[in-house]
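Here are my notes on this one, point by point. Have the model open while you read.

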Amino acid sequence: MDAHIRLATIEDAQAISNVVISALRQSNAKDYPADVIARVEQSFSPLAIERLMARRRVYVASVEQRVVATASLDGDVIRSVFVEPSYQGAGVGRRLMSVLCSAALDLGLETLHVPSSITAESFYTALGFHKVRDEFNGAERTIIMRKSMTQTTPTLQTRRLILTPLQLVDAAAIQQLFPHWEVVRYLDSRVPWPYPKDGALTYVRDHALPAIAAGREWHWMIRTCEDPAHCIGSISLYDQPGNNRGFWLAPQWQGKGYMREACEVINAYWFETLGRPVMQVPKAEGNHASRKVSEHEGMRMIATQQGDFVCGPLLKEVWEITREAWLEKKSALEAIEQGANEPGRL
């Protein structure tokens, strides 16, 4: 959904009040008694919102010039996040939170806090916030949550490659390199095909960057050391059951062993830096190139199930390697390399 996000003006006060009260009555009322809802409503009259604008950065999200969501940044605290019920679940709230997090980073904030309602706790948890404590005002329970803003995706390097953290400016390169049948045919059917002209921008802006900010995904652009100004593909990690890694490489760079090399350093980040106990990777049955990468890593196929891909329905294989198995293989390779470098060895 194409929602426009901007700083609110005094003229938005009535529309903001309408959004807040609608959300309180239809969404929050499921978790709080009527007297609590009525009391909270009094804090969001148009006049009260005008007063808030003098103390906070108040933002609105609008669709077709109609305000459908609001949130505010009060120092290092995000407050008053409300989405009109008919637009909840459409990604508007995530977009709004992404803008506020970016503003917080611009201000140099290292930590963000949010006083969450019972209704919104799972929403903030999905965005990387963690519960600190409960606070009570009579029957009104508020969950105080916190998120560190200093966790950044590092640049990684191998012998031939540089892996740089995904940024919004990378969307243009993705739009040029990604929409080729050889790249997309074995990807999940959620990838739109034919690929729209704004497909990369929409994906990076609305999905990948918010997921990175929430600590659920890690994305890198792949570049060669010889030509670091240009991307040749992408590789990602996901904190999702059964799907922990994905990658793609532009056709002209395939068959050179680049993806094996990228996976080595990415796997180390998954197991050593993030401390994950297992990596599972799904792939289409006919994706022989991806299968060879997994076999080279020492993964084993643990399951098959029906899957939907850009090229159509195919059997989906799930490959797995545990941290223990990965460490064992890594130690064996290091021993071989060390032996080859010893004097008198060929």
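1. Arg260, Cys263, Glu264 and Asn267 from helix 9 are in contact with Lys292, Val293, His296 and Glu297 from helix 10 (contact means heavy atoms within 4.5 Å). By class, two residues of this contact are nonpolar, two polar and four charged (Ala, Val, Leu, Ile, Met, Phe, Trp, Tyr, Cys and Pro count as nonpolar, Asp, Glu, Lys and Arg as charged, and the others, Gly among them, as polar).

2. A caveat on provenance: this is a predicted model, where local features need pLDDT of at least 70, side-chain atom pairs need 80 or more, and totals for chains, interfaces and linings use all residues. Numbering starts from 1 along each chain as its sequence is written, and side-chain values use heavy atoms, leaving out hydrogens and water.

3. Back to the helices: helix 9 (residues 258–273) packs against helix 10 (residues 288–297) at about 50°, with the axes 10 Å apart. That makes helix 9 oblique to helix 10 (angles under 35 degrees are roughly parallel, over 145 roughly antiparallel, 65 to 115 roughly perpendicular, the rest oblique).

4. Glycine 128 sits in the loop between helix 5 (121–126) and strand 6 (130–137). Its relative accessibility is 12%, so glycine 128 counts as buried (under 20% relative accessible area; exposed is over 50%, partly exposed in between, with a 1.4 Å probe and protein chains only). Beyond neighbours within four places in sequence, glycine 128 contacts Arg146, Lys147 and Ala214.

5. Asparagine 243, in strand 12 (residues 243–249), is buried too, at 18%. Leaving out residues up to four places away in sequence, asparagine 243 touches Tyr238, Gln280 and Pro282.

Key:
Axes are lines fitted to C-alpha atoms, for helices over the stretch in contact, and angles run from 0 to 180 degrees between N-to-C directions. Helices (H or I, at least four residues) and strands (E, at least two) are DSSP runs, numbered from the N terminus.
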